[in-house]
Amino acid sequence: MAKVLLGVCGGIAAYKAPELARLLRKAGHAVDVVLTEAATRLVAPAALAAVTGRPVRVSMWEGLESGAMDHIALAAEAEAIVVAPATADLLARAAAGRASDLLSACLLVTRAPVLLAPAMNSRMWDHPFTRRNAAVLSELPNVRWVGPESGELACGWEGPGRMSEPAAIAAAVERLWKRDLDGRRLLVTAGPTYEPLDPVRFLGNRSSGRMGQALAEAAARRGARVTLLRGPSALPAPAADVELVPFETALDLRRELLARWRQCDAVLMAAAVADYRPRTFSTEKLKRGVGDVSLALAPNPDLLAELGRRRGASRTPLLVGFCVETRHLAAAARAKLRAKRCDWIVANLARDALGLETTKVEVHRARGKPLGPFEGSKSAVADALLDALAPLLRR
Ligand code: CTP
């Protein structure tokens, strides 16, 4: 049971706010609601007051005559703030540190976890300004996201921008306080390897590093000490509580892994490691010749298989591999489980994840039936995977 402040902005999805408030109440929380002026046009404050059993606030000026500093007290006492729907305008105000209305003022006051459930037209969500605002907000240690989902939008468009369902938002609220990985140490690898040919060229792959980074950040939020070994990536730095160690080649990654893996409770190998590297590195830029050229490639070590071998019969650390396939997903995952002697293979089809912000994975296990599929934003899938992993790490 906690004090939750529910902020509602003026997006069509505001009509779902009473249902969310009801679910939060049902979970045992005391729910205070702050509506923006625009939200009052889409959802009746009386409906929210009835569901929460508490007064609903809209303006910064209410109660001021009696000497109450409502926005400070409201925000300071909240153990979490949930904004659903969070419109493009609210994200812009929050990212700019504005306090021009009661809700944005509360966001500036609070240090409690803030859960944002965006809802807007997909063009607005994809706009560079909204991308920038979301990135700025993500840098705050207390900000988390749920959604938006892709699908049919109220405006008739298709695409990302639909608010997550109230049940998914309520579940994300419960995760805000979860510290089930306290005291655990995790090593996560992410991103591609770059295998250099000459000073200006390399062999690489399309991995973005998003899944591994989402796992690292989710695990750190849940209390784990996390080191992220990350290949070349366009992603922003991970959350401050994740230690970032960059690498380029498979052999660099091997060195970083071997220096750390024994001290960890789990190694999550989300990196897309090149199986081959150019046999020779030219210190001078290679020049164009005539006709075909062939490249001699030397095999890279299979790093996960090496950890599996070195670990032998002991079950620690837990080893989790990832595989991306274009077909025969389950069969490939099971073959890799055996070949690499790891505990889990998290498998997905290239078309469901590569380069996307969302993913769909299934988990194949050395012991037990497959889990999943888990589907959604990479951060939601990371939390679902950690939900299944946490009990194994506590043993
Ligand atoms: N992996 C690794 N070292 C390699 C290649 C892969 O540690 N040289 C790890 C990856 O990080 C991933 C898992 O093994 O966790 C599966 O990667 P994948 O590329 O699918 O496996 P491969 O054994 O290379 O199989 P494929 O023949 O399908 O490429």
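## A guided tour from histidine 328

Begin by selecting histidine 328, which is found in the loop between E17 and helix H12 (329-340). Helices (runs of H or I, at least four residues) and strands (runs of E, at least two) are taken from DSSP and numbered from the N terminus. This is a predicted model, in which local features need pLDDT of at least 70 and side-chain atom pairs count only at pLDDT 80 or more, while totals for chains, interfaces and linings use all residues. Residues are numbered from 1 along each chain as its sequence is written, and side-chain values use heavy atoms, with hydrogens and water left out.

**Two positive phi angles**

The phi of histidine 328 is near 45°, a positive value in a residue other than glycine. Most residues other than glycine have a negative phi, and most peptide bonds are trans. Is histidine 328 buried or exposed? Histidine 328 is exposed, with a relative accessible area of 57%. Here buried means under 20% relative accessible area, exposed means over 50%, and partly exposed lies in between (1.4 Å probe, protein chains only).

Next, select arginine 341, in the loop between H12 and strand E18 (344-349). Arginine 341 is not a glycine, yet has a positive phi of about 55°. At 45% relative accessibility, arginine 341 counts as partly exposed.

**Two cis peptide bonds**

Move to threonine 316 and proline 317, which are joined by a cis peptide bond with omega about -5°. Proline 317 lies in the loop between helix H11 (303-311) and strand E17 (318-325). Then select alanine 84 and proline 85: the peptide bond from alanine 84 to proline 85 is also cis, with omega near -5°. Proline 85 is found in strand E4.

**The open sheet**

In which order do the six strands stand? The order is E3-E2-E1-E4-E5-E6, in an open sheet with parallel pairing. Strand E3 (56-57) and strand E6 (143-145) stand at the edges with a single partner strand each, so one side of each has no neighbour in the sheet. Two strands pair if DSSP finds at least two bridges between them. Strand E1 (residues 3-8) pairs with strand E4 (residues 80-86) in the parallel sense over four bridges. Select leucine 5 to see isoleucine 81 of E4 opposite.

**A hairpin**

Strand E10 (residues 195-198) and strand E11 (residues 201-203) pair in the antiparallel sense over three bridges. A hairpin of two residues joins E10 to E11, and proline 196 stands opposite phenylalanine 202 in E11.

**The ligand**

Now select the ligand. A polar side-chain atom of lysine 336 lies 2.6 Å from an oxygen atom of the ligand. A backbone N or O atom lies 2.7 Å from a ligand oxygen atom in leucine 304, and 2.9 Å from one in phenylalanine 322. Taken alone, the ligand exposes 570 Å², and the protein buries 76% of that; such areas come from the Shrake-Rupley method with a 1.4 Å probe.

**Helix H14**

Finish at helix H14 (residues 378-394), whose 17 residues should span 24 Å at 1.5 Å a residue; the end C-alpha atoms are 24 Å apart, which agrees. The expected span is 1.5 Å times one less than the number of residues. H14 bends by about 35° at alanine 388, and proline 391 follows within four residues. The bend is the angle between axes fitted to the seven residues ending there and the seven starting there. Buried residues of H14 include Val381, Leu385, Leu389 and Leu393.

Key
A polar contact is a pair of N or O atoms within 3.5 Å; within protein, one must be able to donate a hydrogen and the other to accept it, and residues adjacent in sequence count only if both atoms are side-chain atoms.
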